[in-house]
Amino acid sequence: MPSVRAMQSVVEFDNVGLRYGTGTETLTDISFTLYPGSFYFLTGASGAGKTSLLKLLYLAHRPSRGSISMFGQDAVTLPRERLPGFRRRIGVVFQDFRLVQHLSTYDNIALPLRISGIQEKDLRSPVTEMLSWIGLSERANARPATLSGGEQQRVAIARAVIGRPEILVADEPTGNVDPDMARRLLQLFAALNKLGTTIIVATHDIHLLQDIENAQMMRLDKGRLADPTGSLKHPPKPLVLKS
Amino acid sequence: MLLDFALPDHERKLIPEGRVSGSMPWVIAIMTFLTLLAAAAGLIMANAAAQGGANLARQVTVQIIEPDPAARRAQRSAVARLLQTAPGVENVEIIPDAEVRELLAPWLGDDVIDADIPVPSLIDIRLDQPANEESLAQLSKQIAPIAPSTRLDSQADWMVPFFSLMNSLMLLTSGILLLLLIATSASVVLAVRSALNTHRETIEIMHMMGGTDLQAARLFQRRMALDALLGGVVGFILAVLVIWLLSMQFSAAGSSLLTGAALPWYGWIILALIPLAVTGLAMLIARRTVLSALKKIL
């Protein structure tokens with residue numbers, strides 16, 4: 001008789017609140033569960049709290065209240081010295097790219113691999129391949145300041161995905177590229193997603209949803225997950241595996 | 001920690017190394033230069049005090065105070081003969097009358113001395129042990145039957161204030177060394193904090209990608225070590241030049257008080273180790289400063 005079990009969540013937020021200093025809560029009562037290999041879009045107006053929610057996801061902040069579980073472990077009380085290990089499992093595309101200005105395109109993309117201790121001989125091939133994929137092979141030695149906004153965004157995305165993270169968090173990753181490049185980048189995300197990476201993309205552009213099959217949406221409104229048309233237009237569901 | 005110094009090229013690139021352009025190597029060079037001068041002064045004084053003290057403590061001057069020149073000369077010869085066989089006396093040297101007159105001439109004038117003023121006869125003796133009250137009393141007792149008006153002066157007695165001054169100067173030198181060490185450490189802390197602020201963005205990006213505090217600390221400690229080493233070498237070369245020139249002048253002075261005022265051989269080794277110690281200290285402080293600063297961010 002076939003047994004059925006639910007896949008374990010990769011991220012679980014339970015009644016999470018985030019407050020900067022003594023101000024009002026930026027995020028309030030956020031609860032959701034993300035599953036491995038799923039693709040999520042996070043939408044909402046400017047100031048709704050998308051970037052703050054992403055910061056909690058890539059462990060740049062700890063919540064003011066509530067609990068967050070990542071990879072099956074409590075991420076709120078996680079000792080500081082264990083954070084690097086968790087962060088290496090998460091790829092981040094920052095809204096402002098945050099490229100290291102004095103490093104070349106090649107070195108920026110290679111950075112996560114080098115931080116993880118990958119040997120130079122082992123990273124040359126994936127970095128070169130990634131450069132080719134984002135169409136910047138010719139700009140491998142260029143510094144970020146000499147790249148256009150779109151090129152910088154592609155480098156930021158390449159840097160986030162090169163380590164094949166288990167979770168990819170992207171803040172407006174297609175904001176500065178033309179529609180054709182936006183589609184190519186989404187295809188890259190989709191390919192990564194097929195390999196098992198959980199993708200969370202914060203975007204204003206709800207048309208992107210149409211490009212990704214089975215993508216689910218979370219919408220933030222004034223710091224709360226809104227029901228839309230629903231808190232979740234396509235609420236995240238646990239994947240069911242048959243063994 | 002030494003292994004941390006040898007970072008691969010790609011890690012070095014993370015924090016740009018504008019070594020010579022920054023002020024830190026020159027601050028370290030000045031600090032090392034001053035530290036080396038203070039250390040050299042301390043070592044020279046310690047050496048002079050040890051050598052001079054050991055020699056002078058064994059030197060005793062016998063003064064034969066006899067108004068009659070003939071009797072004085074006779075007593076001098078008899079005392080010298082006695083002392084040559086006396087136990088504990090290593091060397092006996094009669095100071096010729098002409099030399100004694102020469103010593104006194106600047107104070108009494110040639111005319112007065114020639115007027116047959118009774119000038120004591122002097123005999124310098126060196127004991128095999130440092131002189132003390134007991135050994136001097138023993139010698140006086142032996143000499144008394146031959147020359148009743150004899151006085152024994154231990155040279156260590158009149159050198160006591162000089163050696164006391166030497167000790168005070170050595171203490172002062174140690175204090176200066178400590179202050180220089182504190183100033184150097186404070187400069188390193190300020191430089192590292194400034195560098196940390198300059199490269200905060202890079203460090204934050206590294207953190208978000210799973211970089212550890214130690215990885216970041218290694219970058220800064222390496223940079224600081226290179227600055228300190230460069231500054232240390234410059235400071236060392238300048239200090240050696242100055243010490244060498246001063247040594248030449250000391251030698252040219254030819255004063256008996258300055259005979260021990262030279263840097264002993266082990267002093268050069270200690271001085272050579274100081275820039276390395278400053279480099280090690282700079283690395284350690286850089287590491288601690290970075291780790292302590294990074295603990296404040298998530």
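**Exercise 1. Identify the residue that stands opposite M70(A), and place its strand in the sheet.**

Solution. In this predicted model, M70(A) lies opposite Q73(A), a residue of strand 6 of chain A. Strands here are DSSP runs of E with at least two residues, and helices are runs of H or I with at least four residues, both numbered from the N terminus. Residues are numbered from 1 along each chain as its sequence is written, and chains are lettered from A in the order in which they are written. Local features need pLDDT of at least 70, and side-chain atom pairs count only at pLDDT 80 or more, whereas totals for chains, interfaces and linings use all residues.

Next, consider the pairing: strand 5 (residues 65-70) and strand 6 of chain A are antiparallel and share 2 bridges. Two strands pair if DSSP finds at least two bridges between them. The sheet is open, with 4 strands in the order 3-2-5-6 of chain A and antiparallel pairing. Strand 3 (25-34) and strand 6 (73-74) of chain A each have a single partner strand, so one side of each is left without a neighbour in the sheet.

**Exercise 2. Determine the strand order of the open sheet of 6 strands in chain A, and state which helix packs on it.**

Solution. The order is 7-8-9-4-10-11, with mixed pairing. At its edges are strand 7 (90-93) and strand 11 (224-225) of chain A, each of which pairs on one side only. Strand 10 (residues 216-221) of chain A runs antiparallel to strand 11 of chain A, joined by 2 bridges. Within this pair, D221(A) has R224(A) of strand 11 as its bridge partner. Helix 5 (residues 149-161) of chain A packs on the sheet and touches strand 7 and strand 8 (167-171) of chain A. The direction of helix 5 makes about 175° with that of strand 7 of chain A, where axes are lines fitted to C-alpha atoms, for helices over the stretch in contact, and angles run from 0 to 180 degrees between N-to-C directions.

**Exercise 3. Describe the side of chain A that touches chain B.**

Solution. Contact requires C-beta atoms, placed from the backbone, within 7 Å. By this criterion, 21 residues of chain A are in contact with 13 residues of chain B. Helix 2 (83-87) and helix 3 (105-115) of chain A are the elements giving two or more residues to this side. Helix 3 of chain A gives the most, with 5 residues. The classes are 9 nonpolar, 4 polar and 8 charged residues; Ala, Val, Leu, Ile, Met, Phe, Trp, Tyr, Cys and Pro count as nonpolar, Asp, Glu, Lys and Arg as charged, and the others, Gly among them, as polar.

**Exercise 4. Decide which residues of helix 7 of chain B are buried, and what covers them.**

Solution. A residue is buried if 20 or more other C-beta atoms lie within 10 Å of its own, exposed if 12 or fewer, and partly exposed in between, with C-beta atoms placed from the backbone. In helix 7 (residues 133-143) of chain B, the buried residues are S135(B), L139(B) and I143(B). They span an arc of only 70° around the axis, which puts them on the same side of the helix; the arc is that of the directions from the helix axis to the C-beta atoms. E133(B), E134(B), A137(B) and K141(B) are exposed on the other side. The cover over the buried residues includes helix 4 (69-85), strand 3 (121-127) and strand 4 (150-154) of chain B.

Methods: Two residues are in contact if their C-beta atoms, placed from the backbone, lie within 7 Å.
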